[in-house]
Amino acid sequence: MVAKRAEGNQESDTHKITDIKFQLVSRRGNGDAESVDLQGAVGQMHRSTYTTCDPSQPVWKLSAPQIEVDNDEGFGTARNAVLRIGKVPVLWAPYFKFPIDDRRKTGLLFPQLGMSGRNGFDYTQPIYLNLAPNYDDTLMPRYMSRRGLMLDNEFRYLYNGGRGELLTAYIPNDKLRDRDRGRVMFSGYHNVDSHWQARANLAWVSDERYVEDFANRLVGVTASNLQSTVGL
């Protein structure tokens, strides 16, 4: 983090930083702000931007006139946020709440953006649902300008005797293939006793081209090695 000026009062635990640029260490991301006001665990960023791209060539950037960060709650709140692809604004959100640490809380996760000849403009907005201490769900609406809207979902569960993950996806009437497409994948195990364990890896896709077209969620998988197995 670099800034032109910083001043504060230790007794009141208030600080002001101006013209700041930052680079996240624990996760990929960088940005800047005209000024930051800190009071205890709460901070307000004014005229700030954020991106996960190279700072010198950002493909996308999220900007907001005000972002409030609460370290005690583990959330940030952006108001009147604008998402830009290059210099073109493509999305406006009057209120946008997002996590700032690894605590499990329901809310929006950082979006995933891309641009390709295969899918066109590609935007995914993960929505995390903290359903219980031992299971959760992540909805991932994904818009592809050349194909349409896909709904991706990841459900995870954990208990003393095992764990599992169910991945599903569905896109009605893919505009490039002129058909409904989707996938279902399950991976999990259950400890029967101290010597035996039941495992299952199940996979289904709607067509042979599915893996090729939506490879970003299926890294390292091809249609030829997409298999289902069940065993002890």
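The model is predicted, with local features reported at pLDDT of at least 70 and side-chain atom pairs only at pLDDT 80 or more, whereas totals for chains, interfaces and linings use all residues. Residues are numbered from 1 along each chain as its sequence is written, and side-chain values use heavy atoms, with hydrogens and water left out. The pLDDT is the predictor's confidence in each residue, on a scale from 0 to 100. Its mean for the protein is 86, and 93% of the residues reach 70 or more. Over residues 218–222 the pLDDT falls below 50, and this stretch has eight contacts in the model beyond near neighbours in sequence. A contact here means heavy atoms within 4.5 Å.

Strands were assigned as DSSP runs (E, at least two residues) and numbered from the N terminus. Two strands are taken to pair if DSSP finds at least two bridges between them. In general, strands of a sheet pair through backbone hydrogen bonds, either parallel or antiparallel. In this model, seven strands form an open sheet in the order S1-S2-S3-S4-S5-S6-S7, and the pairing is antiparallel. Strand S1 (2–9) and strand S7 (88–99) are the edge strands, each pairing on one side only. From one strand to the next, the twist averages 10°; the axes behind such angles are lines fitted to C-alpha atoms, and angles run from 0 to 180 degrees between N-to-C directions. Strand S6 (residues 75–85) runs antiparallel to S7 and is joined to it by 10 bridges. Arg79 has Tyr95 in S7 as its bridge partner.

Side chains of opposite charge can pair when their charged atoms come close. The structure holds 14 salt bridges, each defined by a side-chain nitrogen of Lys or Arg within 4 Å of a carboxyl oxygen of Asp or Glu.

One of the salt bridges joins Glu7 to Arg5, with the closest N and O atoms 3.0 Å apart. Glu7 is partly exposed because its relative accessibility is 40%, whereas Arg5, at 53%, counts as exposed. Another salt bridge joins the side chains of Glu34 and Arg47 at 3.8 Å, N to O. This pair links distant parts of the chain, with Glu34 in strand S3 (residues 30–39) and Arg47 in strand S4 (residues 42–51), 13 residues apart. Glu34 is partly exposed at 49% relative accessibility, and Arg47 is exposed at 57%.

Arg156 and Asp136 also meet through their side chains in a salt bridge, at 2.6 Å from N to O. Arg156 belongs to strand S13 (residues 148–159) and Asp136 to strand S12 (residues 135–144), so the pair ties together parts 20 residues apart in sequence. Arg156 is partly exposed, with a relative accessibility of 38%, while Asp136 is buried at 2%. Salt bridges with shared partners also join Arg147, Asp174, Arg177, Arg181, Asp207 and Asp213 into one network.

Strand S13 also contains Asn153, which counts as buried because its relative accessibility is 14%. The side chains of Asn153 and Asp137 are joined by a polar contact of 2.9 Å. Such a contact is a pair of N or O atoms within 3.5 Å; within protein, one must be able to donate a hydrogen and the other to accept it, and residues adjacent in sequence count only if both atoms are side-chain atoms. Leaving aside residues up to four places away in sequence, Asn153 touches Asp137, Thr138, Leu139, Met140, Leu166, Leu167 and Thr168.

Definitions and conventions:
Helices (H or I, at least four residues) and strands (E, at least two) are DSSP runs, numbered from the N terminus. Buried means under 20% relative accessible area, exposed over 50%, partly exposed in between (1.4 Å probe, protein chains only).
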